[in-house]
Number of protein chains: 2
Amino acid sequence: MTEPEAAEERPQDDVADLKSRVTELENRWRTTAADFDNFRKRTARDAEQLGEHERARAAGQWLPVLDNLDMALAHADADPASIVEGLRAVREQAGGVMARLGFPRREDEPGTPFDPAVHDAVSTAPGEPGTIVAVVRPGYGTAERPLRPAAVVVARQS
Amino acid sequence: MTEPEAAEERPQDDVADLKSRVTELENRWRTTAADFDNFRKRTARDAEQLGEHERARAAGQWLPVLDNLDMALAHADADPASIVEGLRAVREQAGGVMARLGFPRREDEPGTPFDPAVHDAVSTAPGEPGTIVAVVRPGYGTAERPLRPAAVVVARQS
């Protein structure tokens with residue numbers, strides 16, 4: 001910081017000072033606006049790349065599942081009995097991928113209270129009212145990050 | 001735009017004009033900087049949500065594959081012969097999901113020229129030099145968007 005000048009009236013200098021201040025502020029404002037504009041453009045490109053990156057990362061996790069499906073099929077003719085075992089392993093593996101992606105398979109046991117946030121009632125059957133009698137199709141995801149509700153049979157007063 | 005004043009020297013007015021110009025520029029600069037800062041913060045949140053959204057969208061596409069795996073297994077005991085057919089359908093479906101995500105399964109026929117960009121040589125066998133003899137594990141993705149190279153047996157002069 002420069003020392004302020006003595007309080008003598010010097011309008012001509014004031015004008016020069018003010019003019020240089022105006023120029024400085026114009027430059028700063030222009031620079032900030034240009035930085036903002038560049039950031040905006042880069043952000044749009046980044047978002048595209050991020051989406052691409054997430055898709056590739058998620059898809060890559062399925063490769064072992066696909067490979068095991070191939071292998072189960074390749075061995076099917078040689079040993080038909082082994083295919084059920086192979087299929088079970090593939091299902092296990094696929095469930096693991098879903099869990100790692102943040103969407104674990106929901107394990108809704110019969111008797112669980114019905115929760116419209118994660119359950120989708122597709123039919124009813126006699127049972128303890130307000131509970132689930134059976135799961136028709138499992139749900140995936142958590143209450144905070146739901147992917148698909150479980151299709152369930154809900155109990156009604158018999 | 002206001003008309004410029006007559007060219008009379010009016011230093012006092014100049015100072016007042018310049019001061020108001022300085023105030024105006026300071027406000028504009030401050031506003032732009034604040035907008036930039038808010039945009040930056042919003043961008044960080046958006047990026048997180050975008051990643052989340054892409055993961056959910058990609059994971060959702062696998063649900064029919066998971067359901068069909070469940071169904072193939074459910075029917076395995078009742079009709080063991082149907083399981084191979086079910087498994088073949090699941091593999092077909094899984095390949096379709098990969099293609100929709102942008103990473104189709106590569107179909108490298110024997111005789112295809114070896115391309116280090118999309119092929120990974122794991123062994124050699126007699127054949128037409130520079131070509132593929134067999135695919136050990138299929139590749140996924142395109143030359144522009146590769147996900148995994150195909151593991152192949154390359155031909156060597158016999």
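**Entry 1: chain A**

I read the elements of chain A from the N terminus on and found the order α-α-α-β-β-β-β-β. I noted that this is a predicted model. My tally for chain A was three helices and five strands.

I then looked up burial and found that 33% of the 158 residues in chain A are buried.

**Entry 2: chain B against chain A**

I turned to the interface. I found 56 residues of chain B in contact with 56 residues of chain A. The size of an interface is often given as the accessible area lost when the parts come together. I therefore looked up the area buried between chain B and chain A, which is about 5,400 Å². Carbon and sulfur atoms give 76% of that buried area.

**Entry 3: pairs across the interface**

I recorded twelve salt bridges between chain B and chain A. One that I examined joins B:E54 to A:R55, with the closest N and O atoms 2.9 Å apart.

I next asked which elements give two or more residues to the side of chain B that touches chain A. They are helix 1 (11–60), helix 2 (63–76), helix 3 (82–100) and strand 4 (146–148) of chain B. Helix 1 of chain B gives the most, with 29 residues. By class, I listed 32 nonpolar, five polar and 19 charged residues on this side of chain B.

Methods
Residues numbered from 1 in each chain as written. Chains lettered and ligands numbered in written order. Predicted model: local features only at pLDDT ≥ 70, side-chain atom pairs only at ≥ 80, totals over all residues. Heavy atoms only, no water. Contact = heavy atoms within 4.5 Å. Buried area = accessible area lost by both parts, 1.4 Å probe. Salt bridge = Lys/Arg side-chain N within 4 Å of Asp/Glu carboxyl O. Helix = DSSP H or I, 4+ residues; strand = E, 2+ residues; numbered from the N terminus. Nonpolar A, V, L, I, M, F, W, Y, C, P; charged D, E, K, R; others polar. Buried < 20%, exposed > 50% of the residue type's maximum accessible area, 1.4 Å probe, protein only.
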